[in-house]
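Here is a briefing on side-chain contacts and pockets. Please view the model alongside the text.

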Amino acid sequence: MIPAQLPLRLTLDADALVANWRWLAGQGGAPAGAAVKADGYGLGASDVARRLAKAGCRDFFVATWAEADQLDLPEGAALSVLHGVREEDMAAALGSPARPVLNSAAMVARWKQAAPDRPCDVMVDTGMNRLGLTVEEARSGLLEGLAIDLLLSHLACADEPGHPLTELQRAAFAELAASVPARRYSLANSAGACLGPAYGFDLTRPGLALYGGIPHPAALGHIRPVAGIEAQVLQVRTVQPGESVGYGATFVAERPTRIAILNLGYADGYLRAFAGKGSARSGDAACPLVGRVSMDLIAVDVGSVAVGEGDWLSIDYRLDEASGLTGLSQYELLTGLGSRYQRLWTE
């Protein structure tokens, strides 16, 4: 059977991905790993990991053991599973080369019983109140006997410049690193890496910024977009004055208007929040979105631009700008991209 040609594609810039990783390593003053959970933030975890490993990245992070099983890592790369080991995960964890990130006293006990000599990672909560041991638990002797490769914590507010919790977490983690033995220590996410070497410790763990997101003002002008959306024109039609476009008839033409219908919608992660705000481009010509976003389709005003059925338009989707337009987080905009894209890497 001849495979179908998809009318929707992501163009992915490998050079930008690697350049972002290198900038983050330099800014954080420590080697940079890579968070490739959620299928590489929607771009393809194995494709991302292969390119970053070739550039020198050696530490990768996923959320679950199912993600670990699906990830094809090159030789010499290490993988950590951030959500740790539930009882149901033990068989998968013991059969995998990946390290669990132990987040609770129960996980610590479980790992000590099953694999006391095997390296693991440990998460300690320093103020986010999400996953992790308390600082008191980490200092209590609970971790004695573990072969801890990476002791880590996670910053809650590093993307909010000047937030007092960020420095409190850094100070708490530095004090913890002085009292809890581990091979390496890691605190900074993408935004934390932007704060400089004081937050770098032995390893940073960027995610969003690798893929073109701007997690902190310090990244502006340095982080390059990685993913671009291109959608194919399914039909071009002329809407007469007084006629409407799309559900709810929210757009009514005031003049004869050439409308291109594109194969893109909220099922592809292009959400309804773009209505009245989004745009596509044919070359340098902007084509504003008209009407609502449907599940699989959008309509754009192409005016006098030479656009016809079968042509491809690029979608304005720079993450920081799209976030400002819609109120959606850059994380939502990126990880929400669905499975109906053809993913095309440029090297």
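**Contacts and pockets in brief**

Aspartate 296 and arginine 340 form a salt bridge, with their closest N and O atoms 2.8 Å apart (a salt bridge is a side-chain nitrogen of Lys or Arg within 4 Å of a carboxyl oxygen of Asp or Glu). This is a predicted model, in which local features need pLDDT of at least 70 and side-chain atom pairs count only at pLDDT 80 or more, while totals for chains, interfaces and linings use all residues. Residues are numbered from 1 along each chain as its sequence is written, and side-chain values use heavy atoms, with hydrogens and water left out.

- Helices (H or I, at least four residues) and strands (E, at least two) are DSSP runs, numbered from the N terminus.
- Aspartate 296 is partly exposed at 32% relative accessible area, and arginine 340 is partly exposed at 37%. Buried means under 20% relative accessible area, exposed over 50%, and partly exposed in between (1.4 Å probe, protein chains only).
- One network, joined by salt bridges that share partners, holds Asp59, Arg99, Asp121, Asp149, Arg183 and Arg184.
- The whole structure has 18 salt bridges.
- In the bridge between aspartate 149 and arginine 99, the closest N and O atoms are 3.5 Å apart. Aspartate 149 sits in strand 7 (residues 148–152) and arginine 99 in strand 5 (residues 99–102), 50 residues apart. Both aspartate 149 and arginine 99 are buried.
- Glutamate 167 bridges to arginine 170 at 2.9 Å, N to O. About one helical turn separates them, because they are three residues apart in helix 8 (residues 164–177). Glutamate 167 is partly exposed, at 37% relative accessibility.

**Aromatic rings**

- There are five aromatic pairs. Rings of Phe, Tyr and Trp (its six-membered ring) pair if their centres lie within 6.5 Å; planes under 30 degrees apart count as stacked, over 60 as edge-to-face and the rest as tilted.
- Tyrosine 270 and phenylalanine 274 are stacked, 4.2 Å centre to centre with 10° between the planes. Both tyrosine 270 and phenylalanine 274 are buried.
- Tyrosine 270 and tyrosine 317 form a tilted pair, because their planes are at 35°, with centres 6.3 Å apart.
- Tyr270, Phe274 and Tyr317 make up one aromatic cluster.
- Arginine 9 lies over the face of tryptophan 312, 3.6 Å from the ring centre. The charged end of arginine 51 sits over the ring of tryptophan 345, 4.3 Å from its centre. A charge sits over a ring if NZ of Lys or CZ of Arg is within 6 Å of the ring centre and within 35 degrees of the ring normal.

**Pockets**

- The largest pocket has a volume of about 570 Å³. A pocket is an open set of points on a 1 Å grid over the protein atoms alone, where a 1.4 Å probe fits, with protein on both sides within 12 Å along at least five of seven lines; lining residues have an atom within 4 Å of a point. A volume is the space filled by probe spheres set on the points.
- The largest pocket is lined by 28 residues, and Lys37, Arg130, His154, Asn189 and Arg205 lie nearest its centre.
- Helix 2 (37–41) and helix 9 (190–193) each supply at least two residues of this lining.
- The second largest pocket holds about 150 Å³ of space. Its lining residues include Arg139, Glu144 and Pro181.
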